[in-house]
Amino acid sequence: QVQLVESGGGLVQAGGSLMLSCAASGRTFSRYAMAWFRRAPGKEREFVASITWGGGSTYYADSVKGRFTISRDNAKNTVHLQMKSLNPEDTAVYYCTTHSLPFRAIVPQTRSTDFGSWGQGTQVTVSS
(Lines give C-alpha, C1' and ligand atoms only; values in the text may rest on other atoms or scores of the structure.)
Protein backbone atom coordinates (compact mmCIF):
# COMPACT_ATOMS: atom_id res chain seq x y z
CA GLN A 1 0.00 0.00 0.00
CA VAL A 2 1.38 3.40 -0.93
CA GLN A 3 1.71 6.17 1.61
CA LEU A 4 1.14 9.76 0.50
CA VAL A 5 2.15 12.90 2.36
CA GLU A 6 1.15 16.35 1.11
CA SER A 7 2.93 19.57 1.98
CA GLY A 8 3.20 23.16 0.86
CA GLY A 9 -0.19 24.54 1.83
CA GLY A 10 -0.63 27.81 3.63
CA LEU A 11 -2.19 31.25 3.63
CA VAL A 12 -1.74 33.42 0.56
CA GLN A 13 -3.30 36.60 -0.75
CA ALA A 14 -5.46 36.59 -3.85
CA GLY A 15 -3.27 36.66 -6.93
CA GLY A 16 -0.49 34.81 -5.18
CA SER A 17 1.10 31.45 -5.79
CA LEU A 18 1.77 28.24 -3.93
CA MET A 19 3.49 24.97 -4.77
CA LEU A 20 2.04 21.80 -3.27
CA SER A 21 4.03 18.60 -3.08
CA CYS A 22 3.03 15.01 -2.48
CA ALA A 23 5.66 12.47 -1.49
CA ALA A 24 4.88 8.83 -2.15
CA SER A 25 6.39 5.70 -0.73
CA GLY A 26 5.60 2.03 -0.65
CA ARG A 27 5.44 0.87 -4.23
CA THR A 28 6.65 1.60 -7.75
CA PHE A 29 5.62 5.21 -8.07
CA SER A 30 6.42 5.49 -11.76
CA ARG A 31 3.72 2.99 -12.74
CA TYR A 32 0.79 4.92 -11.29
CA ALA A 33 -1.16 7.96 -12.33
CA MET A 34 -1.44 10.64 -9.66
CA ALA A 35 -4.04 13.31 -9.03
CA TRP A 36 -4.91 16.26 -6.87
CA PHE A 37 -8.39 16.79 -5.46
CA ARG A 38 -9.72 19.42 -3.14
CA ARG A 39 -12.57 19.83 -0.70
CA ALA A 40 -13.80 23.28 0.19
CA PRO A 41 -15.86 23.88 3.34
CA GLY A 42 -19.40 22.67 2.85
CA LYS A 43 -18.69 21.28 -0.62
CA GLU A 44 -17.99 17.90 -2.09
CA ARG A 45 -14.54 16.76 -3.06
CA GLU A 46 -13.65 17.86 -6.58
CA PHE A 47 -11.06 16.87 -9.12
CA VAL A 48 -8.30 19.42 -9.68
CA ALA A 49 -5.62 17.86 -11.87
CA SER A 50 -4.03 14.55 -12.77
CA ILE A 51 -0.95 13.24 -14.50
CA THR A 52 -0.22 9.90 -16.10
CA TRP A 53 2.47 7.55 -14.84
CA GLY A 54 5.19 8.86 -17.14
CA GLY A 55 4.03 12.44 -17.06
CA GLY A 56 3.10 12.43 -20.73
CA SER A 57 -0.50 13.52 -20.25
CA THR A 58 -2.19 15.85 -17.84
CA TYR A 59 -5.82 16.70 -17.12
CA TYR A 60 -7.24 19.77 -15.41
CA ALA A 61 -10.54 20.94 -14.08
CA ASP A 62 -11.88 23.87 -16.08
CA SER A 63 -11.73 26.06 -12.99
CA VAL A 64 -7.93 25.75 -12.75
CA LYS A 65 -6.84 25.49 -16.38
CA GLY A 66 -4.19 28.03 -17.21
CA ARG A 67 -3.47 28.71 -13.53
CA PHE A 68 -2.40 25.33 -12.09
CA THR A 69 0.27 22.98 -13.37
CA ILE A 70 0.73 19.39 -12.26
CA SER A 71 4.09 17.71 -12.63
CA ARG A 72 5.92 14.71 -11.27
CA ASP A 73 9.46 13.60 -10.55
CA ASN A 74 9.58 9.82 -10.70
CA ALA A 75 13.18 9.77 -9.50
CA LYS A 76 12.06 11.44 -6.27
CA ASN A 77 8.62 9.83 -5.99
CA THR A 78 6.91 13.18 -5.82
CA VAL A 79 4.11 14.98 -7.59
CA HIS A 80 3.70 18.74 -7.52
CA LEU A 81 0.89 21.18 -8.06
CA GLN A 82 2.04 24.68 -8.97
CA MET A 83 -0.81 27.10 -8.30
CA LYS A 84 -0.78 30.66 -9.63
CA SER A 85 -3.28 33.50 -9.71
CA LEU A 86 -5.00 32.05 -6.69
CA ASN A 87 -8.41 33.37 -5.71
CA PRO A 88 -10.57 32.84 -2.62
CA GLU A 89 -12.56 30.14 -4.45
CA ASP A 90 -9.40 28.01 -4.40
CA THR A 91 -9.54 27.81 -0.61
CA ALA A 92 -9.79 24.14 0.31
CA VAL A 93 -7.98 21.16 1.70
CA TYR A 94 -5.95 19.66 -1.12
CA TYR A 95 -5.38 15.93 -1.31
CA CYS A 96 -3.24 13.78 -3.54
CA THR A 97 -4.21 10.31 -4.58
CA THR A 98 -3.11 7.53 -6.86
CA HIS A 99 -4.93 5.15 -9.15
CA SER A 100 -5.21 1.72 -7.61
CA LEU A 101 -4.04 0.03 -10.80
CA PRO A 102 -0.80 0.60 -12.70
CA PHE A 103 -0.80 2.29 -16.09
CA ARG A 104 -4.35 3.61 -15.77
CA ALA A 105 -5.08 7.29 -16.19
CA ILE A 106 -7.09 9.35 -13.73
CA VAL A 107 -9.69 11.56 -15.33
CA PRO A 108 -12.51 13.57 -13.77
CA GLN A 109 -14.89 10.66 -14.42
CA THR A 110 -12.70 8.07 -12.67
CA ARG A 111 -14.78 6.20 -10.12
CA SER A 112 -13.92 6.74 -6.50
CA THR A 113 -13.50 2.97 -6.09
CA ASP A 114 -10.58 3.13 -8.56
CA PHE A 115 -8.47 5.32 -6.33
CA GLY A 116 -5.82 3.90 -4.08
CA SER A 117 -4.37 5.72 -1.14
CA TRP A 118 -5.09 9.29 -0.10
CA GLY A 119 -2.86 11.67 1.77
CA GLN A 120 -3.93 13.53 4.88
CA GLY A 121 -4.41 16.77 2.97
CA THR A 122 -2.87 20.21 3.13
CA GLN A 123 -4.86 23.38 3.76
CA VAL A 124 -4.76 26.19 1.23
CA THR A 125 -6.37 29.46 2.26
CA VAL A 126 -6.59 32.39 -0.14
CA SER A 127 -7.51 35.75 1.36
CA SER A 128 -9.21 38.47 -0.64
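What follows is a chat about the predicted model shown above.

Reader: Hi! Before we start, what are the ground rules for this model?
Author: Happy to set them out. It is a predicted model, where local features need pLDDT of at least 70, side-chain atom pairs count only at pLDDT 80 or more, and totals for chains, interfaces and linings use all residues. Residues are numbered from 1 along each chain as its sequence is written, and side-chain values use heavy atoms, with hydrogens and water left out.

Reader: Great. How many helices and strands are there in the protein?
Author: The protein has zero helices and 11 strands. Both are DSSP runs numbered from the N terminus, with helices being H or I of at least four residues and strands E of at least two. Read from the N terminus, the order is β-β-β-β-β-β-β-β-β-β-β.

Reader: And the overall dimensions?
Author: The C-alpha atoms fill a box of roughly 40 × 30 × 25 Å along the principal axes. The radius of gyration is 14 Å, which agrees with the value near 14 Å for a compact globule of 128 residues. That radius is taken over C-alpha atoms, and the globule rule is 2.2 Å times the number of residues to the power 0.38.

Reader: What share of the residues counts as buried?
Author: Of the 128 residues, 43% count as buried. Buried means under 20% relative accessible area, exposed means over 50%, and partly exposed is in between, using a 1.4 Å probe and protein chains only.

Reader: And the surface?
Author: The accessible surface is about 6400 Å², and 48% of that belongs to carbon and sulfur atoms. The areas come from the Shrake-Rupley method with a 1.4 Å probe, and for residues only the protein chains shown count as cover.

Reader: Switching to the core. Which residues have the most contacts inside the largest one?
Author: They are W36, L81, M83 and Y94, in a nonpolar core of 34 residues. The elements giving two or more residues to this core are β3 (18-25), β4 (34-39), β5 (46-51), β7 (68-73), β8 (78-83), β9 (92-99) and β11 (122-127). By nonpolar core I mean a set of buried Ala, Val, Leu, Ile, Met, Phe, Trp, Tyr and Cys residues joined through side-chain atoms within 4.5 Å. As background, nonpolar side chains tend to be buried together in soluble globular proteins.

Reader: How long-range are the contacts?
Author: Among contacts between residues at least 6 apart in sequence, 59% join residues at least 24 apart. Contact here means heavy atoms within 4.5 Å.

Reader: Nice. What about A33, buried or exposed?
Author: A33 counts as buried because its relative accessibility is 0%. A33 sits in the loop between β3 and β4. Beyond its neighbours within four places in sequence, the contacts of A33 include I51, W53, R72, H99, R104 and I106.

Reader: And R45?
Author: R45 lies in the loop between β4 and β5. At 32% relative accessibility, R45 is partly exposed. Leaving out residues up to four places away, R45 touches F37, R38, R39, S112, F115 and W118.

Reader: And D73?
Author: D73 belongs to strand β7. D73 is partly exposed at 27% relative accessibility. Its contacts, leaving aside neighbours within four places in sequence, are F29 and T78.

Reader: Since we're on charges, what's the tally?
Author: There are 13 positive and 8 negative side chains, with the centres of the two sets 7 Å apart. Lys and Arg count as positive and Asp and Glu as negative, while His and the chain ends are not counted. Each charge is placed at NZ of Lys, CZ of Arg, CG of Asp or CD of Glu.
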